[in-house]
Amino acid sequence: MRVIIQRVRSAAVKVDGKTTGTIEKGLLVLAGWEDADTDEDLDWMAGKIARLRIFSDEAGLMNLSVQEIGGDILLVSQFTLFASTKKGNRPSFIRSAKPDFAIPMYQKFILTLEKELGKPIQTGIFGADMKVALENDGPVTIFIDSKAKE
């Protein structure tokens, strides 16, 4: 499982002109899955996201998590996180999980992330052509791969 986490002042996702998720201060999380992912990856990633200390404290240091600031999360599925650009100029998505595996993982991840955060999260629609708008805060953008726990 791979995620891109962006600290935002606000973010929203629209499908066919209709807003499906919107947040104020918090995290925009773009997430993708591969067939090797397990429930353990979901649990580890949800805990990492909820407790990642990337919000400023009173001294201006990144010392607070999205939980600690009472922030929100907007989760958007993004199969392109497993793009391979090794050969040629057109990315290959062969490592990206197919919908029959990825959709249940996405749905489980929503529940796991909500449990970790302690409140509902906002989402896009899996597989839809989504328009994502955000006001990046910092900017702070972090990439995490559950198979390379760095």
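## Phe93 and its loop

Phe93 sits in the loop that joins strand 6 to helix 3, where helices are DSSP runs of H or I with at least four residues and strands are E runs of at least two, numbered from the N terminus. This is a predicted model, in which local features need pLDDT of at least 70, side-chain atom pairs count only at pLDDT 80 or more, and totals for chains, interfaces and linings use all residues. Residues are numbered from 1 along each chain as its sequence is written, and side-chain values use heavy atoms, with hydrogens and water left out.

Phe93 counts as partly exposed because its relative accessibility is 28%; buried means under 20% relative accessible area, exposed over 50%, and partly exposed in between, with a 1.4 Å probe and protein chains only. Not counting residues up to four places away in sequence, Phe93 touches Phe79, Thr80 and Ala83, contact being heavy atoms within 4.5 Å.

With a relative accessibility of 30%, Thr80 is partly exposed. Its C-alpha atom is 10.0 Å from that of Arg2, a residue 78 places away along the chain.

## The largest pocket

Phe79 turns up again here: along with Ser77, Gln78, Gly127 and Met130, Phe79 lies nearest the centre of the largest pocket, which has 19 lining residues. On a 1 Å grid over the protein atoms alone, a pocket is an open set of points where a 1.4 Å probe fits, with protein on both sides within 12 Å along at least five of seven lines, and lining residues have an atom within 4 Å of a point. The volume is about 370 Å³, taken as the space filled by probe spheres set on points joined across faces, edges and corners.

Strand 3 (26-32), strand 6 (72-77), helix 3 (99-117) and strand 8 (130-145) each bring at least two residues to the lining, and strand 3 gives the most, with three. By type, the lining divides into 13 nonpolar, five polar and one charged; here Ala, Val, Leu, Ile, Met, Phe, Trp, Tyr, Cys and Pro count as nonpolar, Asp, Glu, Lys and Arg as charged, and the others, Gly among them, as polar.

## Nonpolar cores

The largest nonpolar core has 28 residues, and Val3, Ile5, Leu27, Trp33, Ile49, Ile73 and Phe109 have the most contacts inside it. Such a core is a set of buried Ala, Val, Leu, Ile, Met, Phe, Trp, Tyr and Cys residues joined through side-chain atoms within 4.5 Å. Two or more of the residues in this core come from each of strand 1 (2-15), strand 3, helix 1 (39-51), strand 6, helix 3 and strand 8. Helix 3 gives the most, with seven residues.

Apart from this core lies another, of twelve residues, including Val13, Ile23, Leu28 and Leu81. Back in the largest core, which counts Ile73 among its residues with the most contacts, Ile73 touches Ile23, Leu27, Val29, Ile49, Val66, Leu113, Leu117, Ile121 and Gln122, leaving out residues up to four places away in sequence.

Helix 3 has 19 residues and should span 27 Å at 1.5 Å a residue; its end C-alpha atoms are 26 Å apart, which agrees. The expected span is 1.5 Å times one less than the number of residues. Ala102, Met105, Tyr106, Phe109, Ile110, Thr112, Leu113 and Leu117 are its buried residues, and their cover includes helix 1, helix 2 (66-69), strand 6 and strand 7. Gly118 follows helix 3, with a positive phi near 85°.

Helix 1, with 13 residues, reaches 18 Å from first C-alpha to last, close to the 18 Å expected. Its buried residues are Asp41, Leu42, Met45, Ala46, Gly47, Ile49 and Ala50. Strand 1, strand 3, helix 2, strand 6, helix 3 and strand 8 are among the elements that cover them.

## Backbone details

Most residues other than glycine have a negative phi, and most peptide bonds are trans. Asp16 is not a glycine, yet its phi is positive, about 50°. Asp16 is found in the loop between strand 1 and strand 2 (18-23) and is exposed, at 77% relative accessibility. The peptide bond from Gly138 to Pro139 is cis, with omega near 0°, and Pro139 is in strand 8.
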